[in-house]
Amino acid sequence: MNASKELRIGLIGTGFMGRTHSNGYKRVGDFFPKLAYRPVLQAVCSRNLEKVTDFAQQWGYASVETDWQALIARDDIDAIDICTPNEWHAEIALAAAAAGKMILCEKPLARTLPEAEAMVAAVEKAGVRNTVWYNYRRLPAVTLAKQIIDSGQLGRIFHYRANFLQDWTINANLSQGGGNWRMDVASAGSGVTGDLLAHCIDTALWLNGSIRDVSAVTETFIKERVHEQTGELTAVGIDDACLFHCHFENGSLGLFESTRYARGHKALYTFEINGEHASIRWDLHDLNRLEYFDHRDASALRGWRSIHVTDGEHPYLSQWWVPGLGLGYEHSFVHQVADFLKSLETDEPCHPTFLDALQTQRVCQAVLDSAATRSWQNTGIYEAVQ
Ligand SMILES: NC(=O)c1ccc[n+]([C@@H]2O[C@H](COP(=O)([O-])OP(=O)(O)OC[C@H]3O[C@@H](n4cnc5c(N)ncnc54)[C@H](O)[C@@H]3O)[C@@H](O)[C@H]2O)c1
């Protein structure tokens, strides 16, 4: 490894994302050896000492903390990585910014629009580097879709369609709160809108530009669930399913659907874009493939091409194996770490920044407001997402 400059990471939260990020920090130097910076696993924080100590030993962190404020107060930490449930994102980010730390924050940026706005104001005031882990952008097939769209090959865009379907909350006996924080509106902020559609919206804003207005419907199929903290049957405040349609600024129409009640689907994130000349579609369950249809092909041979995005000239692939061998979900996080480290070298922002993620938050808020009021809502986006 050539990297000589250290980026000392303080990671908060040792669950699903704590693992994906730790893996990203550990792998990046092996596969992106020319980066000037290398992450150092300086400290990890979670509230339970035994569990966080086990995690530190497994992943190779040099030290542990059980209080995130103590972690932020340390002067041997350069960057705070927020992998906690959504309820902590704003409070931790505000404190980290005030302490002058770089911040890598999990999505959605926050539970609510005011929280997200405060986070953007805090990083801008402090002038600290920031990024949000909308990791699907960094899958090679999705990055290739961006390159194809930006080259203008699709022509005028007419339709953008995205789904994110799961089936894990159909059981009425599933509780809310605690480990099931996604089911508790106080912790998550919203249901599928902030958890799943936020991914679809981030990708859509990046690929197809700003969304002007939205019309949405949400449903909570199971109205009461036992809360882990009280043991009481408590009203469910999250949206179990959300459908919305929208106008993009480029004149195209968008159609989005997300639910945790689509029996048979575990994490079916798909998108399709239909342009004047060509269309693109992608499916997370077959993540190394990008499908492409071009009407300009000779009619006898015209049809959907299935591009196996594993060639050396495809995005990120020159860093990995030989053509034909696929990457997985975890590589998107390795790529995001690589891009963040590169941004330190180039002194460029690492998109999506907090400001980019704020635009996604605006769309989420407009979607929830639209569903609540049964009316069209403007998103109020004023910054193009990069
Ligand atoms: N980018 C993605 O694709 C993706 C996927 C899953 C989750 N997420 C996001 O990542 C975040 C974490 O989700 P997860 O699935 O890893 O959750 P998780 O429940 O698996 O892990 C959360 C961790 O945070 C810890 N924690 C909670 N409160 C804490 C506190 N006050 N101080 C220190 N640690 C605390 C918990 O002990 C746990 O280790 C959420 O914001 C979620 O939306 C993003």
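Author: An axis here is a line fitted to C-alpha atoms, for a helix over the stretch in contact, and an angle runs from 0 to 180 degrees between N-to-C directions. The model is predicted.

Reader: Why are helix 4 and helix 5 called roughly parallel to each other?

Author: The axes of helix 4 (residues 89-98) and helix 5 cross at roughly 10 degrees and come within 9 Å. Angles under 35 degrees count as roughly parallel. Helix 4 and helix 5 are therefore roughly parallel.

Reader: Which residues make the contact of helix 4 and helix 5?

Author: Helix 4 gives A90, A93, L94, A97 and A98. Helix 5 gives E115, A118, M119, A122, V123 and A126. Contact means that the C-beta atoms, placed from the backbone, lie within 7 Å. By class, ten of these residues are nonpolar, none is polar and one is charged.

Reader: What makes helix 1 and helix 9 roughly perpendicular?

Author: Helix 1 (residues 16-31) packs with helix 9 (residues 329-346) at about 65 degrees. Their axes are 8 Å apart. The class of roughly perpendicular covers 65 to 115 degrees. Helix 1 and helix 9 therefore count as roughly perpendicular. Their crossing is right-handed.

Reader: Which residues of helix 1 and helix 9 make the contact?

Author: From helix 1 come T20, H21, N23, G24, Y25, R27, V28 and F31. From helix 9 come E330, F333, V334, Q336, V337, A338 and L341. Eight of the contact residues are nonpolar, five polar and two charged.

Reader: How is the protein divided into domains?

Author: Domain 1 takes in 5-135 and domain 2 takes in 137-378. Their centres, taken over C-alpha atoms, are 23 Å apart.

Reader: How do you know that domain 1 and domain 2 are in contact?

Author: The cut-off for a contact is 7 Å between C-beta atoms placed from the backbone. On that count, 36 residues of domain 1 are in contact with 37 residues of domain 2. On the domain 1 side, helix 1, strand 2 (37-45), helix 5 (113-126) and strand 6 (130-132) each give two or more residues. The largest share, eight residues, comes from helix 1. That side of domain 1 has 22 nonpolar, nine polar and five charged residues.

Reader: What makes strand 3 and strand 6 edge strands?

Author: Six strands form an open sheet in the order 3-2-1-4-5-6, and the pairing is parallel. Strand 3 (64-65) and strand 6 each pair on one side only.

Reader: How do you know that strand 1 and strand 4 pair?

Author: Pairing takes at least two bridges. Strand 1 (residues 5-12) and strand 4 (residues 79-82) have four bridges, in the parallel sense. For L11, the bridge partner in strand 4 is D81. Helix 2 (residues 49-59) packs on this sheet and touches strand 2 and strand 3. The direction of helix 2 makes about 160 degrees with that of strand 2.

Reader: Why is one side of strand 16 and of strand 17 left without a neighbour in the sheet?

Author: Nine strands form an open sheet in the order 16-15-14-13-7-12-11-8-17. Strand 16 (305-308) and strand 17 (377-378) stand at its edges with a single partner strand each, so one side of each has no neighbour in the sheet.

Reader: What makes the pairing of the nine strands mixed?

Author: Strands pair either parallel or antiparallel. This sheet is mixed. Strand 7 (residues 157-165) runs antiparallel to strand 13, with eight bridges. I157 stands opposite G275 in strand 13. Strand 7 also pairs with strand 12 (residues 253-259) in the parallel sense, over seven bridges. L165 has T259 as its bridge partner in strand 12. Strand 14 (residues 278-283) and strand 15 (residues 289-294) pair antiparallel over five bridges. There R281 stands opposite E291.

Reader: Which strands does helix 6 touch?

Author: Helix 6 (residues 140-150) touches strand 13 (268-275), strand 14 and strand 15. Its direction makes about 165 degrees with that of strand 14.

Reader: Where does helix 10 lie?

Author: Helix 10 (residues 354-373) lies across strand 8 (211-219), strand 11 (241-248) and strand 17. Helix 10 runs at about 50 degrees to strand 8.

Reader: Which peptide bond to P108 is cis, and what is its omega?

Author: The bond from K107 to P108 is cis, with omega near -15 degrees. P108 is in the loop between strand 5 (102-105) and helix 5. The bond from H351 to P352 is cis too, with omega near -5 degrees. P352 is in the loop between helix 9 and helix 10.

Notes. Residues are numbered from 1 along each chain as its sequence is written. This is a predicted model: local features need pLDDT of at least 70, side-chain atom pairs count only at pLDDT 80 or more; totals for chains, interfaces and linings use all residues. Angles under 35 degrees count as roughly parallel, over 145 as roughly antiparallel, 65 to 115 as roughly perpendicular and the rest as oblique. A crossing is left-handed if the near helix is turned anticlockwise from the far one by less than a right angle, and right-handed if clockwise. Two residues are in contact if their C-beta atoms, placed from the backbone, lie within 7 Å. Ala, Val, Leu, Ile, Met, Phe, Trp, Tyr, Cys and Pro count as nonpolar, Asp, Glu, Lys and Arg as charged, and the others, Gly among them, as polar. Domain bounds come from an automatic or database domain assignment.
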